[in-house]
Amino acid sequence: MTDRPAEKDDEQQAQEDAQHIHMPGVRELPLVALRETVIFPEMIVPLQVGREKSVAALNAAVAAGGPIALVTQRLAEREDIENPGELYVVGTLAKIAQVVQLQDGTVRAIVQGQARLRIESFVQTSPYIIVRVEEIPDVTPEGIEVQALMRTVQAQIEQYVANGAPVPPEAAVAARNISEPGLLADMVAYSPDLSTEQRMELLETTDVVERLKIVSSFLGRQIEILELKGKIQSEVKSEMDKTQREYILREQLKAIQRELGEDDPQQAEINELRDKVEAAGMSEEVKARALKEIDRMSRIPSASPEVGVIRTYVDWLIALPWNQTTTDNLDIKSAAKILDEDHYGLEKIKERILEYLAVRSLAETLRSPILAFVGPPGVGKTSLGKSIARAMGRKFVRMSLGGIHDEAEIRGHRRTYIGALPGRIIQNVKTAGSNNPVFMLDEVDKIGMDFRGDPSSALLEVLDPEQNNSFQDNYLEVPFDLSKVLFITTANLLDPIPAPLRDRMEVIHLPGYTETEKIEIGKRFLIPKQMKNHGLTEKTISITDQAMVELVRSYTHEAGVRNLEREIANVMRKVARAVAEGRKRRTVVDVKKLNEFLGPQRFEYGELEAEDQIGSATGLVVTEVGGDVIAIEVTLMEGKEDFILTGQLGEVMRESARAGLSWIRAHASELGIKREVFEKNTLHIHVPAGGIPKDGPSAGITMATAMISAFTGIPVRKDMAMTGEITLRGRVLPIGGLKSKILAAHLSGARMVILPKKNEKDLRDIPDEILKQIKIVTAENMDQVLEAALRRKPKPLPAAAKAPEGSKESEAITGPESRVLPGFPPPTGQPPAMA
């Protein structure tokens, strides 16, 4: 492959090219590369030539008066052809019939294919391509097979055209008149259903029999496709004809009904909807929206799916209780009686509901409060909502928020979605049938949040008295008044509730039941309920008071009464079986019988020490199931090692131990502790139940008391429990969960409880029967704590032995250095909060 020298003029170049084209024994032709086009012999095709090399090649062939080589390039997007690999090997020798030069520099030519050719080599590539080619004759064997294939292909072409192929109808006649088998096969290449690769396969196949087989296979596939297409179109047309026929018949039926003076069913339905809208008590804004939707529905054919969507929307508007309000029971004494019948204790909540009813009786425009009942599981938060509804004479609906992640659960979906519905707020109001029900939102602290939205944010409007009088659901798109609804939310913990949502609620804490309350609840409510559920009567079973005490103390460990009810049901099942087996006498369940039915005792409240102990003090903590007592143990060991804290303690509890020890070291002389004790011994503090994480500052005075007992050898009172936070100056700061802690102290048998002076105001929540059995000691500083907790007061060191001012023992440890004291390990990872 060589290029001609560029210095030669155009005339000389044309003469040389003509010599090459007409050189005897060699066929060298100008080449035009085709994009996504394949020319076959005997095919007359118009060509639009625009590339410089192709225009030059075409002009050279015209100047020489000879044919041209037309070859398809493999990649249509290639602009310039540089090597033979970019073209197919087989092309077509074509005669140029006409050439027209256009104003934009392109050339329009009409060419006629004459024969197949094969490229042997490239002669030149510039200024245009010249290739050395060899003509390829068709191989046409004689015999009956060729005739059979021709007739088959001719019949297939006729069927192909008859089935709607994208070719002229004259093609079938032309195919019938062709007698050359090769030409008949090439004729099928006119079909636009053939791809460039399929056309090239036909062009490259010189064996006529093989070419006819390829064509026959292609036509067979296309005929199947066209038949299937025709079947589908026929079915669609038939369905359309059926729909049109039904429409015409319905219109005729309407005309007949109008002549007879009768309304058609659709019109009757629309009139019925209009009447319902008028009677629903909607506001003018909502009524106008409903009537507009009904008018739109009347103009839509009844077979349209949109009719069902509009009808569902209007039905929702009609079904909502726009002006249906239940009358509140404003009799305070009657409401109080109902609340007492359903629940024992819970005085704060009962008092709040009765206050609301009292104000409602005086001011009818009072907005409903948003109450939040926060407390451990099983204390009756949900059942209390039902009791409140019964006491007020209102309907009750409940919605569980646990695990909800989608905002649309609250606000609903817009009507653009298929199967859209209002949110569960509107759904439950519709279920209640009144616009002022008691609406309980259960487990509000367990709402989730993900890519679908934040349901807690959607609740901000629902639970805001300033906004919920015009709550808009995404589905309804009209305001609905929720201000008359008494919303009550429940939660086990307050912290997971987002602050903006918590700010909208009036929080009422339910700390749990006392032992006495649990026993009374069991007697008044749980035992009668389970007796009825198990088909038993007072003639078949009775449970003694001692057995109830044992059941509460030894078989349940909870703030509520849910497990207590399960254990009572367990006892009932045992007795029911005995009755079913023929027992006639009444079963009296005492402590012995209870142990027989339920097995060994399962729980023990933290017990006090059997005798006074050195280095051990009893503290009070709050857990998820209520209060409990823990023993804090301190021991001194010879040898100076790191300060040891064990029992899975959190960072806050560790810092309380550091603060306590700092106070002890600062007041060592007053406590009778020599300086050498700190320098020659290792202190180890341990809180039992090491598998349970513990944290919080309320064990500060307990750990300090235990450490002083270990240092001084003075025992701690065995019948005493304490709680309170300690500071570096020895002050005792207030703590939380006082009621639960004192209940735990009472159950453990403590006779004295030491607590911060500032918690004295919280004692009003403690039942009187417990305060009568426990001596309460309030303390403002550690001196008062030690005076009550230790069996004797520590004896100060002699004045001469006191450390001088500025020594380590008298230094006040302040600032950043106080975070890690000598002998203390650095803080570790903080476990989950417990106390």
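A residue counts as buried when its relative accessible area is under 20%, and as exposed when that area is over 50%, with partly exposed in between. The exercises below apply this to a predicted model.

**Exercise 1. Describe the protein as a whole: its secondary structure, its burial and its contacts.**

Step 1. Count the elements: the secondary structure comes to 27 helices and 24 strands.

Step 2. Apply the definition of burial. Of the 835 residues, 46% count as buried.

Step 3. Look at sequence separation. Among contacts between residues at least 6 apart in sequence, 74% join residues at least 24 apart.

**Exercise 2. Trace the pairing of strands 3, 4 and 5, and then of strands 5, 6 and 1.**

Step 1. Strand 3 (residues 68-72) runs antiparallel to strand 4 (residues 90-101), and three bridges join the two. Within this pair, alanine 69 is opposite leucine 93 of strand 4.

Step 2. Strand 4 also pairs with strand 5, in the antiparallel sense, over eleven bridges.

Step 3. A hairpin through five residues connects strand 5 to strand 6.

Step 4. Strand 6 (residues 130-136) is joined by three bridges to strand 1 (residues 28-34), and this pair is antiparallel too.

Step 5. Find a residue that links both pairings of strand 6. Valine 131 is the bridge partner of phenylalanine 122, and valine 131 also stands opposite leucine 29.

**Exercise 3. Which residues have the most contacts inside the largest nonpolar core, and which element gives the most to that core?**

Step 1. The largest nonpolar core holds 57 residues, and those with the most contacts inside it are Ile68, Leu70, Val153, Ile157, Leu184, Leu212 and Leu219.

Step 2. The element that gives the most to this core is helix 7, with eight residues.

Step 3. Another core lies apart from this one; it has 52 residues, including Val277, Met282, Val286 and Ile300.

Step 4. Take leucine 219 as a case. Leaving out residues up to four places away in sequence, leucine 219 touches Val153, Gln156, Ile157, Tyr160 and Val188.

**Exercise 4. Is valine 236 buried, partly exposed or exposed, and what patch does it belong to?**

Step 1. Valine 236 is in helix 7 (residues 208-260).

Step 2. Its relative accessibility is 44%, so valine 236 counts as partly exposed.

Step 3. Valine 236 makes a nonpolar surface patch of about 370 Å² together with Leu228, Ile232 and Met240.

**Exercise 5. Classify lysine 758 as buried or exposed, and give its surroundings.**

Step 1. Lysine 758 lies in the loop between strand 23 (752-756) and helix 26 (768-771).

Step 2. The relative accessible area of lysine 758 is 51%, and the cut-off for exposed is over 50%, so this residue is exposed.

Step 3. Not counting residues up to four places away in sequence, lysine 758 touches Arg731 and Pro734.

Step 4. Threonine 778 is 20 residues from lysine 758 along the chain, and their C-alpha atoms are separated by 8.2 Å.

Note on methods:
Residues numbered from 1 in each chain as written. Predicted model: local features only at pLDDT ≥ 70, side-chain atom pairs only at ≥ 80, totals over all residues. Heavy atoms only, no water. Pairing = 2+ DSSP bridges. Helix = DSSP H or I, 4+ residues; strand = E, 2+ residues; numbered from the N terminus. Patch = residues over 30% accessible without salt bridge, like charges linked within 9 Å, V, L, I, M, F, W, Y side chains within 5 Å. Areas by Shrake-Rupley, 256 points an atom, 1.4 Å probe, with all protein chains shown as cover. Salt bridge = Lys/Arg side-chain N within 4 Å of Asp/Glu carboxyl O. Buried < 20%, exposed > 50% of the residue type's maximum accessible area, 1.4 Å probe, protein only. Core = buried A, V, L, I, M, F, W, Y, C linked by side-chain atoms within 4.5 Å. Contact = heavy atoms within 4.5 Å.
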